[in-house]
Amino acid sequence: MTPFVYQANAARVVFGPGSLQQLPQEIERLGARRALILATPEQAALAARVARALDGRAAGVFAEAVMHVPIATARAAREEARRLDADCAVAVGGGSTVGLGKAIALESGLPILAVPTTYAGSEMTPIYGLTEDGLKKTGRDPRVLPRTVVYDPELTLSLPWALTVTSGINAMAHAAEGLYAADANPVLALMAEEGIRALAAAIGALADRADDLEARGEALYGAWLCGAVLGSASMGLHHKLCHTLGGSFNLPHADVHTVILPHALAYNGAHAAAAMRRIGRALQAADPARALFEFAARHGAPTSLRAIGMPEEGLDRAADLAVQNRYPNPRPLERGALRALLQRAYDGSPPQP
Ligand code: NAD
């Protein structure tokens, strides 16, 4: 067996339908009594409901989270936490809201509790992002890892179908890249394969009945596993490409992941045979890249960069940026091959090695 290092991230996970009701005890467990509730404007009503349910333990609500954590929003949230003398923050929402919680924790060390409502997986990682002057900087810091995560599948019943699929594929991408990461290990491999399997099965079931709570639970369970893989393994071509495309061309996060993943897997496939076998087993498919491309199309998710607002004249620059920073990836980064990959992704053509 290949030698490895396994470093678990210490978070407490409370999982199950209705588990939101356990939030007051979980706050108390951290020794906190004045929670600042974070949400996006779209989820302000949910945040207010959570605040009411906290029975005096809510210091206030800050419902201004937006994608990619602009530094001005982070500063405003930090200031609000200080003004209200909050001793913890509860992030209720997707990666954008959890990201805002992390920005507060990064500066103040305030403990964060996360109540995820998408499958993005940020709640399981010590990775933070902050956007200043149009540039998103990311980093890893153990202080930003949420201490407690309450996964309540009931909160995902309202997740729009499009985001259900794209956010689920975003989660699968963490697991897929974790499988061929330079710092992969057998424990993460188990979580990754099971995470992809659970999400694929759950989204298949949700296509028939989007309010199937059992399937919502299975999807969230898969998202948890995939998020944990992201939190412990370093990511390769797929995540770097998505970061570049999302940041430089302002494309929606989960959509970019959905379009790129089949192409990134096809690019790396021949150089990551063991990972491909596991992904193939999880998807019950011989060609995982093709299977994911068809999975996205079958469930109405975008399969082309063109459809999500990428300008065609940006493809050359994206290819340049993709080879600018070197990082471990199963297949070496070749500009010509990556430019061709980007063209296929732009056109919505099927993935090719
Ligand atoms: P999001 O948090 O931006 O949410 C998208 C929209 O969906 C928002 O309007 C939100 O309010 C709404 N929404 C969320 N859950 C809902 C629900 N259950 N019902 C109805 N509406 C709901 O989307 P996301 O894809 O979860 O997060 C994307 C962001 O997270 C990106 O900025 C990405 O970089 C970041 N991210 C970070 C990490 C990390 O480890 N740091 C991991 C994954 C994603």
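At 35% relative accessibility, Phe-15 counts as partly exposed, a class that lies between buried (under 20% relative accessible area) and exposed (over 50%), computed with a 1.4 Å probe on protein chains only. The model is a predicted one, in which local features need pLDDT of at least 70 and side-chain atom pairs count only at pLDDT 80 or more, while totals for chains, interfaces and linings use all residues. Residues are numbered from 1 along each chain as its sequence is written, and side-chain values use heavy atoms, with hydrogens and water left out.

## Aromatic pairs

A search of the whole structure finds three aromatic pairs, where rings of Phe, Tyr and Trp (its six-membered ring) pair if their centres lie within 6.5 Å, and where planes under 30 degrees apart count as stacked, over 60 as edge-to-face and the rest as tilted. One of them is the tilted pair of Phe-15 and Tyr-151, with 5.7 Å centre to centre and 40 degrees between the planes. This pair links distant parts of the chain, since Phe-15 belongs to strand E1 and Tyr-151 to strand E8 (residues 148-151), 136 residues apart; helices (H or I, at least four residues) and strands (E, at least two) are DSSP runs, numbered from the N terminus.

Tyr-151 is buried, with a relative accessible area of 0%. Tyr-151 also forms a tilted aromatic pair with Trp-224, at 6.5 Å centre to centre and with 45 degrees between the planes. Here too distant parts of the chain are linked, with Tyr-151 in strand E8 and Trp-224 in helix H7 (residues 213-232), 73 residues apart. Trp-224, at 24% relative accessibility, counts as partly exposed. Ring pairs link Phe-15, Tyr-151, Tyr-221 and Trp-224 into a cluster.

Ser-19 is found in the loop between strand E1 (12-15) and helix H1 (23-29), and Ser-19 is buried, with a relative accessible area of 2%. Not counting residues up to four places away in sequence, Ser-19 touches Val-14, Val-150, Tyr-151 and Asp-152, contact meaning heavy atoms within 4.5 Å. The C-alpha atoms of Ser-19 and Asp-152 are separated by 5.3 Å, although these residues are 133 residues apart along the chain.

## Charges over rings

| Charged residue | Ring | Distance from the ring centre |
|---|---|---|
| Lys-240 | Tyr-327 | 5.3 Å |
| Arg-331 | Tyr-267 | 3.9 Å |

## Helix packing

The axes of helix H5 (residues 161-179) and H7 come within 8 Å and cross at roughly 40 degrees, where axes are lines fitted to C-alpha atoms, for helices over the stretch in contact, and angles run from 0 to 180 degrees between N-to-C directions. That makes H5 oblique to H7, as angles under 35 degrees count as roughly parallel, over 145 as roughly antiparallel, 65 to 115 as roughly perpendicular and the rest as oblique. H5 passes H7 in a left-handed crossing; a crossing is left-handed if the near helix is turned anticlockwise from the far one by less than a right angle, and right-handed if clockwise. On the H5 side the contact is made by Thr-164, Ala-171, Met-172, His-174, Ala-175 and Gly-178, and on the H7 side by Arg-216, Ala-223, Cys-226, Gly-227, Val-229 and Leu-230.

Helix H8 (residues 237-249) and helix H12 (residues 315-324) pack at an angle of about 130 degrees, and their axes are 10 Å apart. That makes H8 oblique to H12, and H8 passes H12 in a right-handed crossing. Leu-241, Thr-244, Leu-245, Ser-248 and Phe-249 of H8 make the contact with Arg-317, Ala-318, Leu-321 and Ala-322 of H12.

## Loop residues

Val-69, although not a glycine, has a positive phi of about 45 degrees. Val-69 is found in the loop between strand E3 (58-62) and helix H3 (71-83) and is buried, with a relative accessible area of 6%. Pro-70 lies in the loop between E3 and H3 and is partly exposed, with a relative accessible area of 25%.

Asp-133 is not a glycine either, yet has a positive phi of about 50 degrees. Asp-133 lies in the loop between strand E6 (127-132) and strand E7 (135-140), and at 79% relative accessibility Asp-133 counts as exposed.

Terms used: Lys NZ or Arg CZ within 6 Å of the ring centre and 35° of its normal.
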